[in-house]
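Please report on the structure shown here.

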Amino acid sequence: MDKKMGIKFKEIRKNKDFSQEFTAEGILTQSAYSKFELGKNEISFSSYIKLLEKLEMSHEEFMYIQNDYNYNPHEKLLLDFFNLHYNDPKQLNIIIKASKKVLKDEENEIIFDIVAICEALIILNETNNIELAREKVVVVWHRLAERHYWYLSEIKIINTILFLFPSATAKEMSKKAILNLKRYGSFNDANKLIVSLKLNSSLLLIKEQEYAEALGVIEQVLELAKQHSMYKPLAVAYIRKGICLSWLTKSGEKKEIETGTLMLELLEDYTLRDGLLGESQRYSKLHQ
C-alpha cells in the first residue's frame, strides 16, 4: 500500500477532529498508526478498510480525494464508457484514444474490450451493418462465455454488447448476467445493472416483435426502478411499455409514452428523450 496514503489519512482525520487514539483503537497501536500517517510504514489492507470505517468513508471516496478530487485515468475511462447513452462516434473515438493511453501503462482485459466495443459501435454507426460490427466483439463474448462466474465489470461489458448478437444468444447472455447479479443481493450497483440488462433485453424483444414477453420484462423494470428511485430507466420503461401496448391492442399506449417523455423533460435529458421518441417512431404501431 502506498505510504503517501497515510499522509492523506492524517489530513482527513484532523479535518474531522478525530484523535490518533480514537482512529487507531482496536486496529493498530498508536505508534504504528502514527508512523503510517507520517509515511514511514505500510499497513495491511484489512487495517486500511477498518481505518476507513473509523473515518466514516468508503474506499471509493478516499481514492477520489487521494487523487486530488479526481478520478484516475482508468476510473474516468470506465465511467465515461459505461455512461454513454448513444453511439456518438466523436465520443467513442475519444474513449478509444483514452483507452490506448491507459494500455500503454498497463495490460487490462476490460480496457481491451472497451476498445473493441467502441470500434464495433463506430462501424455500426457508419455502415448500419450489425454483422460487421459483431465481428469486432465476438471475441469478447467467447472469452467471457467460458467463465462460470461474472463480476460487475464483466457484466457491464456484456450489457454493452447484448444488442449486437442474435436474440437467442442475447437472451442467454442476459439470463446468465442476471443470475450472477443475484449473488450481490441489495448491492446498489447490482440493482442498477439488473434494471439496465432488463431494459436492453426489452428492446431486443421489441425488435424481434415478441411484444408480450417484452411487456413482462418492462413491468419488472417498472417495479425495480420505482423501488430504487431510478427515474431515467423508469422513463425508458414507460415509453417501451407504450410501444408494446400499441401492438398488443391494449389501451393506454399514448399515455405511457407521454408519461416517459414528460419525465425526461422534467429531468432535462433531451438527448435521451429524442432518442427514445425516435425509437417509438421506429417500433410503435402508432407510427406504422
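Leu-272 sits in helix α16, residues 270-283. Helices (H or I, at least four residues) and strands (E, at least two) are DSSP runs, numbered from the N terminus. With a relative accessibility of 7%, Leu-272 counts as buried. Buried means under 20% relative accessible area, exposed over 50%, and partly exposed in between (1.4 Å probe, protein chains only). Thr-261 is 11 residues from Leu-272 along the chain, and their C-alpha atoms are separated by 9.3 Å.

Leu-193 belongs to helix α12, residues 188-207. Leu-193 also counts as buried, at 6% relative accessibility. Leaving out residues up to four places away in sequence, Leu-193 touches Leu-152, Ile-155, Lys-156, Asn-159 and Leu-181. Contact here means heavy atoms within 4.5 Å. Ile-43 is 150 residues from Leu-193 in sequence, and the C-alpha to C-alpha distance is 34 Å.

## Model and chain

This is a predicted model: local features need pLDDT of at least 70, side-chain atom pairs count only at pLDDT 80 or more, and totals for chains, interfaces and linings use all residues. Residues are numbered from 1 along each chain as its sequence is written, and side-chain values use heavy atoms, with hydrogens and water left out.

The protein chain has 16 helices and zero strands. Its C-alpha trace spans about 75 × 40 × 35 Å along the principal axes. The protein chain holds 288 residues, of which 42% count as buried. Take the contacts in the protein chain between residues at least 6 apart in sequence: 60% of them join residues at least 24 apart.

## Helix α1

Helix α1 covers residues 4-15. At 1.5 Å a residue, its 12 residues should span 16 Å, and the end C-alpha atoms are 17 Å apart, which agrees. The expected span is 1.5 Å times one less than the number of residues.

Which residues of α1 are buried? They are Met-5, Gly-6, Lys-8, Phe-9, Ile-12 and Arg-13. Seen down the axis of α1, these buried residues fall within an arc of 160 degrees, so they line one face of the helix. The arc is that of the directions from the helix axis to the C-beta atoms. On the other side of α1, Lys-4, Lys-14 and Asn-15 are exposed. The packing partners of the buried residues of α1 are α2 (20-24), α3 (30-37), α4 (45-54) and α5 (59-66). Asp-17 follows α1 and has a positive phi, near 60 degrees.

## Helix α4

Helix α4 has its own buried residues: Ser-47, Tyr-48, Leu-51 and Leu-52. They cover an arc of only 140 degrees around the axis, which puts them on the same side of α4. These buried residues of α4 pack against α1, α2, α3 and α5.

Most residues other than glycine have a negative phi. Glu-56 is not a glycine, yet its phi is positive, about 60 degrees. Is Glu-56 buried or exposed? At 58% relative accessibility, Glu-56 counts as exposed.

Tyr-69 likewise has a positive phi of about 60 degrees and is not a glycine. The loop between α5 and α6 holds Tyr-69. Tyr-69 counts as exposed, at 51% relative accessibility.

## The second largest pocket

The second largest pocket holds about 250 Å³ of space. On a 1 Å grid over the protein atoms alone, a pocket is an open set of points where a 1.4 Å probe fits, with protein on both sides within 12 Å along at least five of seven lines; lining residues have an atom within 4 Å of a point. Its lining includes Pro-73, Leu-77, Leu-84, Gln-91, Ile-94, Lys-101 and Asp-105. The elements that give two or more residues to this lining are α6 (73-82) and α7 (89-105).

Which element gives the largest share of the lining? Seven residues come from α7, the largest share. By class, the lining residues of the second largest pocket divide into seven nonpolar, one polar and four charged. Ala, Val, Leu, Ile, Met, Phe, Trp, Tyr, Cys and Pro count as nonpolar, Asp, Glu, Lys and Arg as charged, and the others, Gly among them, as polar.

Conventions: Grid points are joined across faces, edges and corners, and a volume is the space filled by probe spheres set on the points.
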